[in-house]
Structures are given as C-alpha cells and as structure tokens.
Amino acid sequence: QLTLEELSQVQVTSVTKEPISAFRTPASISVLTSDQIRQSGARTIPDLLRLMPGVNVAQISSNSWAVGIRGFESGLSRSVLVLIDGRSVYTPLFRGVYWDMQDVMIEDIDRIEIIAGPGGTIWGSNAVNGVINIITKNARETHGTLISAQAGNVEQGALAWRYGGGDDRFSYRVYGKGFTRGPQEHLDGQDFDDWRRGQLGFRADSRLSNRDELTIQGDMYAAEGGEALQISTYSPPAISTKYGNKEFNGGNLVAAWRR
C-alpha cells in the first residue's frame with residue numbers, strides 16, 4: 001500500500017551498517033516487512049526467504065534447505081552471509097550456515113533485508129553473493145502476552161509464547177517455542193527426517209540517555225532431526241546410506257551499545 005516515495009524512504013541498515021533510506025543505498029536491496037511476514041503464514045526462516053526477489057530456496061528434507069542468492073544456492077549457503085540482529089550465524093568450521101539451527105519467534109521479526117550482490121567490502125569475505133539480515137523488533141514494541149499454536153498432519157504441532165513488559169526507558173521480553181514436524185514422503189519408504197526442536201530466549205532494551213541505547217539478548221535451543229548419510233567404502237557396495245537422528249544444541253548472547 002506504500003507509494004513510490006514512501007518505499008524509497010524505508011529505513012535499512014544492512015548496506016552501510018547505519019540507518020539510511022533505501023533510496024540512498026548504493027546496492028540492490030529488498031525488504032520484507034513485519035506485515036508481509038504475518039500475512040505470509042510462513043513458520044520458518046527459509047520459507048520466509050522464498051518471498052524475496054533474487055533468493056533461491058529449495059527444501060532438501062524436512063529439516064534442511066538449500067538457500068542462495070542469484071542462483072548460487074547450496075545446503076550450507078557458503079557464498080551468502082546470514083545475520084540475525086547483526087550476529088553472524090556463519091560457521092567457520094564447516095564454512096557455511098546450518099539452517100535447521102537458525103530460528104527466531106516469527107512474530108518478533110521486524111523486517112528481513114536482502115542485499116543481492118557482493119557485500120565483502122562491508123561484511124567480510126563470505127558475503128560473496130549477498131547478505132541476509134534478519135532484524136527483530138525492539139522490546140518496546142512487544143509489550144503484553146502472545147500465544148500461538150498450530151497442528152496438522154506434517155506440521156504436527158507447534159506452540160510459542162511471549163511476554164513483554166517495561167516502559168519507555170527499559171523494556172524486555174522473554175519467549176519460548178517448540179514444535180514437532182513429521183517426515184517427508186520418500187520413494188524408498190524411509191521416513192527418516194522427522195524433526196523436534198525447543199528454544200528459549202530474551203531481549204532487553206534500555207535507553208540510557210538521549211544518545212545511548214543498550215541491547216542485551218540471547219537464545220538457547222536443543223533439537224533432534226533425522227538425517228540420511230552416505231558412506232563410501234573400497235569394497236562393494238561402494239556407497240551405502242545410513243539413517244539416524246542428529247542431535248544438536250547451542251546458544252548465543254549478544255550485547256550492543258549504540259551511541
């Protein structure tokens with residue numbers, strides 16, 4: 001519903017690391033707003049990225065995706081830098097992004113900014129084909145209680161809750177979410193890729209003065225998902241497929257001071 005003038009004045013931060021209008025950015029950038037996210041009905045970050053121009057998303061299994069920009073997608077998205085509130089989720093050990101480990105409460109996303117094209121001069125060497133920056137809402141915008149639930153035959157069950165409070169000087173929110181997802185259908189009948197995940201997190205925003213703001217946020221998660229692994233040997237059969245569950249957990253803590 002925005003006019004061309006209003007579209008050009010949308011504030012973005014992923015190009016210069018400073019809030020400026022999209023019209024002044026020297027890069028190809030697109031923005032997915034919180035209203036568009038809510039209307040899409042998508043429940044995972046890769047499904048939201050399907051809505052963005054120039055982003056290619058292919059689902060490999062129930063819990064893994066290949067995501068890329070300008071046709072260079074792969075299971076680990078090696079040529080794209082992915083950020084959540086400015087925190088890089090790129091894994092140097094395996095040189096890529098594990099999409100099944102990246103999650104936020106969908107209702108808390110303020111916008112997703114996509115830079116299509118090289119961004120290495122600002123963000124580093126792994127931003128070869130673009131930057132995906134997922135930005136969540138300030139805690140001042142999420143006061144009150146929110147509960148969401150869903151059920152289905154593939155998306156078997158999901159529950160999320162959030163509580164926020166505070167005032168104009170200091171605000172906070174805490175949330176928790178969990179889901180269980182059934183396997184996809186496979187031609188060989190091996191329904192191995194079911195998926196279960198739980199996550200807790202918080203965010204606190206404090207206005208220290210007219211010029212200073214402090215943000216502290218963190219998340220922790222644990223999950224289990226099925227995976228098929230191909231093993232090569234020197235004796236026949238040369239390649240065999242093993243099915244099993246992978247278990248992973250982790251967390252993060254970020255503090256940001258803006259002056």
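**View 1. Serine 77 in the loop between E5 and E6.** Serine 77 lies in the loop that links E5 to E6, where strands (E, at least two residues) and helices (H or I, at least four) are DSSP runs numbered from the N terminus. The phi angle of serine 77 is near 50°, a positive value in a residue other than glycine. With a relative accessibility of 1%, serine 77 counts as buried, a term that means under 20% relative accessible area, whereas exposed means over 50% and partly exposed lies in between (1.4 Å probe, protein chains only). This is a predicted model, in which local features need pLDDT of at least 70 and side-chain atom pairs count only at pLDDT 80 or more, while totals for chains, interfaces and linings use all residues. Residues are numbered from 1 along each chain as its sequence is written, and side-chain values use heavy atoms, with hydrogens and water left out.

**View 2. Aspartate 85 in the loop between E6 and E7.** Aspartate 85 is placed in the loop between E6 and strand E7 (87-88), and its phi is near 55°, again a positive value in a residue other than glycine.

**View 3. The largest nonpolar core, with 31 residues.** A nonpolar core is a set of buried Ala, Val, Leu, Ile, Met, Phe, Trp, Tyr and Cys residues joined through side-chain atoms within 4.5 Å. In the largest of these, the residues with the most contacts inside the core are Leu49, Trp99, Ile112 and Ile132. Among the elements that each supply at least two residues of this core are helix H3 (45-49), strand E8 (109-116), strand E9 (130-136) and strand E14 (213-232), and E8 gives the most, with four residues. Isoleucine 132, when residues up to four places away in sequence are not counted, touches a set of residues including Leu49, Val67, Val80, Trp99 and Ile112, contact being defined as heavy atoms within 4.5 Å. A second, separate core of eight residues includes Leu81, Ile115, Ala127 and Val131.

**View 4. The open six-stranded sheet.** Six strands follow the order E10-E11-E12-E13-E14-E15 with antiparallel pairing, two strands being paired if DSSP finds at least two bridges between them. Strand E10 (144-151) and strand E15 (239-258) stand at the edges with a single partner strand each, so one side of each is left without a neighbour in the sheet. E10 and strand E11 (residues 157-166) pair over eight bridges and form a hairpin with five residues between them, in which threonine 145 has tyrosine 163 of E11 as its bridge partner. Strand E12 (residues 170-181) is joined to strand E13 (residues 195-207) by 12 bridges, and arginine 173 has arginine 203 in E13 as its bridge partner.
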